[in-house]
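Welcome! Please take a look at the structure shown here, and then let us walk through it together.

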Amino acid sequence: MTIKKKPLVVVTRRLPDSIETRMRELFDARLNVDDVPMTQEQLAEAIRTADVLVPTVTDEITKDLLDQPDCKVKLIANFGNGVDNIDVAAAQAKGITVTNTPKVLTEDTADMTMSLILAVPRRLIEGAAILTEGREDWQGWSPTWMLGKRLGGKRLGIIGMGRIGQAVARRAKAFGLQIHYHNRKPVAPVIADELGATYWDSLDQMLARMDIISVNCPHTPATFHLLSARRLKLMRKDAYIVNTARGEVIDEETLTKLIETGDIAGAALDVFEHEPAVNPKLVRLAKAGKVLLLPHMGSATVEGRVEMGEKVIINIRTFLDAHKPPDRVLPNML
(Lines give C-alpha, C1' and ligand atoms only; values in the text may rest on other atoms or scores of the structure.)
Protein backbone atom coordinates (compact mmCIF):
# COMPACT_ATOMS: atom_id res chain seq x y z
CA MET A 1 0.00 0.00 0.00
CA THR A 2 1.27 3.48 -0.91
CA ILE A 3 0.61 6.52 1.22
CA LYS A 4 -0.22 9.65 -0.75
CA LYS A 5 2.15 12.46 0.11
CA LYS A 6 0.54 15.61 1.46
CA PRO A 7 1.08 18.72 -0.68
CA LEU A 8 3.56 21.27 0.62
CA VAL A 9 1.80 24.52 1.55
CA VAL A 10 4.00 27.48 2.50
CA VAL A 11 2.30 30.16 4.58
CA THR A 12 4.14 33.49 4.58
CA ARG A 13 2.77 35.02 7.80
CA ARG A 14 1.26 33.93 11.11
CA LEU A 15 -2.46 33.06 10.80
CA PRO A 16 -5.07 32.40 13.52
CA ASP A 17 -4.26 29.28 15.55
CA SER A 18 -7.35 27.40 14.46
CA ILE A 19 -6.47 27.95 10.79
CA GLU A 20 -2.83 26.92 11.19
CA THR A 21 -3.88 23.80 13.11
CA ARG A 22 -6.32 22.80 10.36
CA MET A 23 -3.67 23.39 7.71
CA ARG A 24 -1.28 21.10 9.56
CA GLU A 25 -3.97 18.44 9.63
CA LEU A 26 -4.72 18.67 5.92
CA PHE A 27 -1.41 19.57 4.32
CA ASP A 28 2.33 19.49 4.80
CA ALA A 29 2.10 23.07 6.05
CA ARG A 30 5.24 25.15 6.53
CA LEU A 31 4.21 27.93 8.92
CA ASN A 32 5.85 31.25 9.76
CA VAL A 33 5.70 30.98 13.54
CA ASP A 34 7.87 34.07 14.06
CA ASP A 35 5.59 36.18 11.82
CA VAL A 36 8.59 37.92 10.25
CA PRO A 37 7.85 39.05 6.67
CA MET A 38 9.61 36.90 4.08
CA THR A 39 12.33 38.42 1.95
CA GLN A 40 12.17 38.20 -1.84
CA GLU A 41 14.81 35.45 -1.66
CA GLN A 42 12.67 33.45 0.77
CA LEU A 43 9.60 33.94 -1.41
CA ALA A 44 11.61 32.76 -4.41
CA GLU A 45 12.64 29.63 -2.51
CA ALA A 46 9.02 28.99 -1.49
CA ILE A 47 7.88 29.28 -5.11
CA ARG A 48 10.54 26.77 -6.15
CA THR A 49 9.61 24.21 -3.51
CA ALA A 50 5.94 24.56 -2.58
CA ASP A 51 2.87 23.15 -4.29
CA VAL A 52 0.78 25.96 -2.80
CA LEU A 53 1.83 29.41 -1.60
CA VAL A 54 -0.35 31.30 0.88
CA PRO A 55 0.85 34.94 0.79
CA THR A 56 -0.69 38.02 2.35
CA VAL A 57 -1.29 41.49 0.96
CA THR A 58 2.21 42.60 2.01
CA ASP A 59 4.01 39.89 0.00
CA GLU A 60 4.98 41.04 -3.50
CA ILE A 61 4.59 38.11 -5.88
CA THR A 62 6.20 39.54 -8.99
CA LYS A 63 6.66 38.34 -12.55
CA ASP A 64 10.38 37.82 -11.90
CA LEU A 65 9.60 35.47 -9.01
CA LEU A 66 7.11 33.49 -11.07
CA ASP A 67 9.40 33.31 -14.12
CA GLN A 68 12.01 31.25 -12.28
CA PRO A 69 12.84 28.25 -14.49
CA ASP A 70 12.35 25.83 -11.58
CA CYS A 71 9.07 27.35 -10.37
CA LYS A 72 7.02 24.56 -8.79
CA VAL A 73 4.05 26.33 -7.20
CA LYS A 74 0.69 25.66 -8.87
CA LEU A 75 -1.66 27.64 -6.63
CA ILE A 76 -1.27 31.04 -4.98
CA ALA A 77 -4.04 31.17 -2.36
CA ASN A 78 -3.88 34.78 -1.24
CA PHE A 79 -4.88 35.52 2.35
CA GLY A 80 -6.62 38.77 1.46
CA ASN A 81 -9.35 40.28 -0.63
CA GLY A 82 -7.13 42.43 -2.84
CA VAL A 83 -4.63 40.82 -5.21
CA ASP A 84 -2.63 43.92 -6.16
CA ASN A 85 0.36 42.24 -4.48
CA ILE A 86 0.32 39.48 -7.12
CA ASP A 87 1.07 39.68 -10.84
CA VAL A 88 -2.04 37.74 -11.78
CA ALA A 89 -1.35 37.92 -15.52
CA ALA A 90 2.15 36.48 -15.06
CA ALA A 91 0.72 33.71 -12.87
CA GLN A 92 -1.88 32.81 -15.49
CA ALA A 93 0.80 32.74 -18.21
CA LYS A 94 2.70 30.19 -16.10
CA GLY A 95 -0.41 28.07 -15.53
CA ILE A 96 -0.60 29.09 -11.86
CA THR A 97 -4.03 29.56 -10.31
CA VAL A 98 -4.62 32.59 -8.07
CA THR A 99 -7.39 32.84 -5.45
CA ASN A 100 -8.38 35.42 -2.86
CA THR A 101 -10.78 35.73 0.11
CA PRO A 102 -13.65 37.99 -0.94
CA LYS A 103 -16.87 38.93 0.88
CA VAL A 104 -15.79 38.03 4.43
CA LEU A 105 -14.30 41.46 5.22
CA THR A 106 -17.14 43.65 3.98
CA GLU A 107 -18.90 44.35 7.27
CA ASP A 108 -15.71 44.75 9.31
CA THR A 109 -14.20 47.24 6.87
CA ALA A 110 -17.47 49.14 6.57
CA ASP A 111 -17.69 49.36 10.37
CA MET A 112 -14.20 50.86 10.53
CA THR A 113 -14.94 53.25 7.67
CA MET A 114 -18.05 54.50 9.43
CA SER A 115 -16.07 54.88 12.65
CA LEU A 116 -13.61 57.16 10.87
CA ILE A 117 -16.40 59.11 9.19
CA LEU A 118 -17.74 59.80 12.68
CA ALA A 119 -14.39 60.41 14.35
CA VAL A 120 -12.90 63.09 12.13
CA PRO A 121 -15.71 65.70 11.98
CA ARG A 122 -16.47 65.21 15.71
CA ARG A 123 -12.75 65.39 16.68
CA LEU A 124 -12.93 62.24 18.80
CA ILE A 125 -9.20 61.48 18.80
CA GLU A 126 -8.31 65.07 19.71
CA GLY A 127 -10.76 65.01 22.57
CA ALA A 128 -9.51 61.69 23.93
CA ALA A 129 -5.89 62.86 23.75
CA ILE A 130 -6.60 65.85 25.95
CA LEU A 131 -7.53 63.53 28.80
CA THR A 132 -4.89 60.84 28.23
CA GLU A 133 -1.68 62.62 27.21
CA GLY A 134 -1.12 64.64 30.36
CA ARG A 135 -2.35 67.88 28.92
CA GLU A 136 -3.85 70.56 31.17
CA ASP A 137 -5.87 72.29 28.48
CA TRP A 138 -9.26 71.14 29.70
CA GLN A 139 -10.84 73.30 32.36
CA GLY A 140 -14.27 71.70 32.07
CA TRP A 141 -17.18 72.09 29.69
CA SER A 142 -17.72 75.34 27.85
CA PRO A 143 -20.02 76.33 24.97
CA THR A 144 -17.23 76.79 22.43
CA TRP A 145 -14.86 73.96 23.46
CA MET A 146 -13.86 71.29 20.85
CA LEU A 147 -16.56 72.18 18.36
CA GLY A 148 -16.83 69.75 15.47
CA LYS A 149 -19.18 69.32 12.54
CA ARG A 150 -22.65 67.73 12.54
CA LEU A 151 -22.94 64.65 10.31
CA GLY A 152 -26.66 64.72 9.60
CA GLY A 153 -27.44 66.32 6.25
CA LYS A 154 -23.85 66.29 5.00
CA ARG A 155 -22.94 64.82 1.62
CA LEU A 156 -20.85 61.64 1.58
CA GLY A 157 -19.11 60.83 -1.70
CA ILE A 158 -18.17 57.15 -1.98
CA ILE A 159 -15.49 56.20 -4.50
CA GLY A 160 -16.12 52.56 -5.40
CA MET A 161 -19.64 51.25 -4.86
CA GLY A 162 -18.88 47.56 -4.56
CA ARG A 163 -19.77 45.41 -1.55
CA ILE A 164 -17.85 47.56 0.92
CA GLY A 165 -19.00 50.85 -0.58
CA GLN A 166 -22.62 49.75 -0.36
CA ALA A 167 -22.16 48.58 3.24
CA VAL A 168 -20.68 51.98 4.12
CA ALA A 169 -23.60 53.70 2.41
CA ARG A 170 -26.15 51.74 4.48
CA ARG A 171 -24.44 52.76 7.70
CA ALA A 172 -24.04 56.37 6.61
CA LYS A 173 -27.67 56.65 5.58
CA ALA A 174 -28.69 55.66 9.11
CA PHE A 175 -26.70 58.65 10.39
CA GLY A 176 -28.55 61.00 8.09
CA LEU A 177 -25.83 61.48 5.50
CA GLN A 178 -26.77 62.08 1.87
CA ILE A 179 -25.26 59.31 -0.26
CA HIS A 180 -23.40 60.08 -3.48
CA TYR A 181 -21.05 57.78 -5.35
CA HIS A 182 -18.70 57.38 -8.30
CA ASN A 183 -18.22 53.96 -9.83
CA ARG A 184 -17.31 52.45 -13.18
CA LYS A 185 -21.05 52.06 -13.74
CA PRO A 186 -24.22 52.78 -11.75
CA VAL A 187 -25.41 50.19 -9.25
CA ALA A 188 -28.68 48.37 -9.87
CA PRO A 189 -31.73 50.66 -9.53
CA VAL A 190 -33.07 48.65 -6.58
CA ILE A 191 -29.82 49.29 -4.64
CA ALA A 192 -29.73 52.97 -5.58
CA ASP A 193 -33.34 53.35 -4.42
CA GLU A 194 -32.65 51.54 -1.14
CA LEU A 195 -29.70 53.81 -0.38
CA GLY A 196 -31.13 56.98 -1.86
CA ALA A 197 -27.83 57.18 -3.70
CA THR A 198 -26.93 59.71 -6.39
CA TYR A 199 -24.58 58.51 -9.13
CA TRP A 200 -21.85 60.73 -10.57
CA ASP A 201 -20.20 59.57 -13.77
CA SER A 202 -17.72 62.44 -13.34
CA LEU A 203 -15.47 61.98 -10.32
CA ASP A 204 -14.27 65.57 -10.71
CA GLN A 205 -17.76 66.97 -10.33
CA MET A 206 -18.54 64.79 -7.32
CA LEU A 207 -15.33 65.73 -5.51
CA ALA A 208 -16.09 69.43 -5.78
CA ARG A 209 -19.44 69.07 -4.01
CA MET A 210 -18.91 66.61 -1.15
CA ASP A 211 -18.40 67.21 2.57
CA ILE A 212 -16.75 63.81 3.11
CA ILE A 213 -15.04 61.50 0.62
CA SER A 214 -14.74 57.79 1.39
CA VAL A 215 -12.30 55.74 -0.70
CA ASN A 216 -13.57 52.19 -1.11
CA CYS A 217 -12.20 51.09 -4.47
CA PRO A 218 -9.46 48.48 -5.03
CA HIS A 219 -5.93 49.37 -6.07
CA THR A 220 -5.41 48.53 -9.73
CA PRO A 221 -3.32 50.20 -12.44
CA ALA A 222 -6.44 52.19 -13.31
CA THR A 223 -6.93 53.49 -9.75
CA PHE A 224 -3.31 54.36 -8.92
CA HIS A 225 -3.44 58.02 -7.83
CA LEU A 226 -7.08 58.16 -8.85
CA LEU A 227 -7.18 61.04 -6.38
CA SER A 228 -4.37 62.87 -8.12
CA ALA A 229 -2.98 66.30 -7.27
CA ARG A 230 -5.37 67.88 -9.75
CA ARG A 231 -8.40 66.09 -8.33
CA LEU A 232 -7.51 66.70 -4.71
CA LYS A 233 -7.40 70.43 -5.44
CA LEU A 234 -11.04 70.22 -6.57
CA MET A 235 -12.20 69.38 -3.06
CA ARG A 236 -13.79 71.93 -0.76
CA LYS A 237 -11.65 73.44 1.98
CA ASP A 238 -13.99 72.13 4.67
CA ALA A 239 -14.09 68.57 3.29
CA TYR A 240 -12.54 65.40 4.75
CA ILE A 241 -11.13 62.23 3.18
CA VAL A 242 -11.46 58.75 4.69
CA ASN A 243 -9.43 55.91 3.18
CA THR A 244 -9.76 52.28 4.28
CA ALA A 245 -9.03 50.82 0.83
CA ARG A 246 -5.46 51.18 -0.46
CA GLY A 247 -3.00 54.00 0.07
CA GLU A 248 -1.89 54.02 -3.56
CA VAL A 249 -5.27 55.38 -4.65
CA ILE A 250 -4.38 58.83 -3.22
CA ASP A 251 -1.47 61.09 -4.09
CA GLU A 252 -0.40 61.14 -0.45
CA GLU A 253 2.22 63.88 -0.77
CA THR A 254 -0.27 66.29 -2.32
CA LEU A 255 -2.95 65.38 0.24
CA THR A 256 -0.48 66.19 3.02
CA LYS A 257 0.37 69.57 1.52
CA LEU A 258 -3.28 70.52 1.05
CA ILE A 259 -4.09 69.69 4.67
CA GLU A 260 -1.03 71.66 5.84
CA THR A 261 -2.19 74.74 3.92
CA GLY A 262 -5.82 74.40 5.01
CA ASP A 263 -7.09 73.61 1.51
CA ILE A 264 -8.55 70.31 2.79
CA ALA A 265 -9.92 70.14 6.34
CA GLY A 266 -8.48 66.78 7.30
CA ALA A 267 -8.29 63.05 6.70
CA ALA A 268 -8.61 59.66 8.37
CA LEU A 269 -6.26 57.09 6.86
CA ASP A 270 -6.04 53.39 7.65
CA VAL A 271 -3.76 52.71 4.67
CA PHE A 272 -0.71 54.44 3.23
CA GLU A 273 0.94 54.81 -0.13
CA HIS A 274 4.28 53.34 0.98
CA GLU A 275 3.27 50.91 3.73
CA PRO A 276 4.59 50.12 6.23
CA ALA A 277 6.33 53.50 5.99
CA VAL A 278 4.19 56.44 7.05
CA ASN A 279 4.92 59.93 5.78
CA PRO A 280 6.44 61.90 8.72
CA LYS A 281 4.43 64.93 7.63
CA LEU A 282 1.23 62.94 8.17
CA VAL A 283 2.42 61.98 11.64
CA ARG A 284 2.99 65.66 12.47
CA LEU A 285 -0.46 66.51 11.18
CA ALA A 286 -1.91 63.73 13.33
CA LYS A 287 -0.23 65.18 16.41
CA ALA A 288 -1.74 68.55 15.49
CA GLY A 289 -5.21 67.01 15.29
CA LYS A 290 -5.61 67.45 11.53
CA VAL A 291 -5.32 63.78 10.59
CA LEU A 292 -6.32 60.47 12.16
CA LEU A 293 -3.93 57.61 11.37
CA LEU A 294 -4.53 53.89 11.96
CA PRO A 295 -2.14 50.98 11.25
CA HIS A 296 -4.12 49.18 8.51
CA MET A 297 -6.63 47.62 10.89
CA GLY A 298 -9.88 48.14 8.96
CA SER A 299 -10.59 44.42 8.63
CA ALA A 300 -8.82 43.35 11.81
CA THR A 301 -11.37 41.28 13.68
CA VAL A 302 -10.91 37.76 15.03
CA GLU A 303 -13.97 36.60 13.14
CA GLY A 304 -12.83 38.14 9.88
CA ARG A 305 -9.34 36.64 9.99
CA VAL A 306 -10.68 33.17 10.78
CA GLU A 307 -13.19 33.38 7.93
CA MET A 308 -10.39 34.46 5.58
CA GLY A 309 -8.37 31.43 6.61
CA GLU A 310 -11.32 29.13 6.08
CA LYS A 311 -11.70 30.48 2.56
CA VAL A 312 -8.01 29.86 1.89
CA ILE A 313 -8.39 26.25 3.01
CA ILE A 314 -11.49 25.73 0.86
CA ASN A 315 -9.70 27.15 -2.17
CA ILE A 316 -6.69 24.90 -1.60
CA ARG A 317 -8.74 21.73 -1.07
CA THR A 318 -10.93 22.41 -4.06
CA PHE A 319 -7.87 22.99 -6.26
CA LEU A 320 -6.16 19.83 -5.02
CA ASP A 321 -9.32 17.86 -5.78
CA ALA A 322 -8.94 19.03 -9.40
CA HIS A 323 -11.92 21.36 -9.28
CA LYS A 324 -12.17 25.10 -9.96
CA PRO A 325 -11.60 27.01 -6.69
CA PRO A 326 -14.61 29.16 -5.75
CA ASP A 327 -12.53 32.34 -5.40
CA ARG A 328 -10.33 32.10 -8.48
CA VAL A 329 -9.03 35.47 -9.76
CA LEU A 330 -8.38 36.11 -13.46
CA PRO A 331 -6.67 39.13 -15.06
CA ASN A 332 -9.87 40.23 -16.81
CA MET A 333 -11.58 40.54 -13.41
CA LEU A 334 -9.19 43.29 -12.30
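Are Lys311 and Asp327 buried or exposed? Keep in mind that this is a predicted model. Lys311 is buried, and Asp327 is buried as well. Their side chains form a salt bridge, in which the closest N and O atoms are 3.4 Å apart. This pair ties together distant parts of the chain, with Lys311 in helix α13 and Asp327 in the segment after α13, 16 residues apart.

Besides Lys311, its buried residues include Gly304, Met308, Val312, Ile313 and Ile316. What lies over the buried residues of α13? The cover includes the helices α1 (17-26) and α5 (106-122), along with the strands β1 (8-11), β3 (52-54), β4 (75-77) and β5 (97-99). Just after α13, Ala322 adopts a positive phi of about 70°.

Now turn to the sheet. Seven strands make up an open sheet, with parallel pairing, in the order β8-β7-β6-β9-β10-β11-β12. At its edges are β8 (198-199) and β12 (291-293), each of which pairs on one side only. Within the sheet, strands β10 (residues 240-243) and β11 (residues 266-269) run parallel and are joined by four bridges. Here you can find Asn243 opposite Leu269 in β11.

Back to charged pairs: the structure holds 20 salt bridges. One of them connects Asp238 and Arg236, with the closest N and O atoms 3.0 Å apart. Asp238 counts as partly exposed, because its relative accessibility of 32% falls between the 20% and 50% cut-offs. Arg236 is also partly exposed, at 26%. Another salt bridge brings together the side chains of Glu126 and Arg123, at 3.2 Å from N to O. Glu126 has a relative accessible area of 21%, so it is partly exposed, and Arg123, at 25%, counts as partly exposed too.

Our last stop is on the surface. Which residues form a nonpolar patch there? They are Leu131, Trp138 and Trp145, and together they have about 340 Å² of accessible area. Trp138 sits in the loop between α6 (124-132) and β6 (155-159). With a relative accessible area of 44%, Trp138 is partly exposed.

Technical notes. Residues are numbered from 1 along each chain as its sequence is written. This is a predicted model: local features need pLDDT of at least 70, side-chain atom pairs count only at pLDDT 80 or more; totals for chains, interfaces and linings use all residues. Side-chain values use heavy atoms; hydrogens and water are left out. Patches are made of residues with over 30% relative accessible area and no salt bridge: like charges are joined within 9 Å, nonpolar side chains (Val, Leu, Ile, Met, Phe, Trp, Tyr) within 5 Å. Accessible areas come from the Shrake-Rupley method with a 1.4 Å probe; for residues, only the protein chains shown count as cover. A salt bridge is a side-chain nitrogen of Lys or Arg within 4 Å of a carboxyl oxygen of Asp or Glu. Helices (H or I, at least four residues) and strands (E, at least two) are DSSP runs, numbered from the N terminus. Buried means under 20% relative accessible area, exposed over 50%, partly exposed in between (1.4 Å probe, protein chains only). Contact means heavy atoms within 4.5 Å. Two strands pair if DSSP finds at least two bridges between them.
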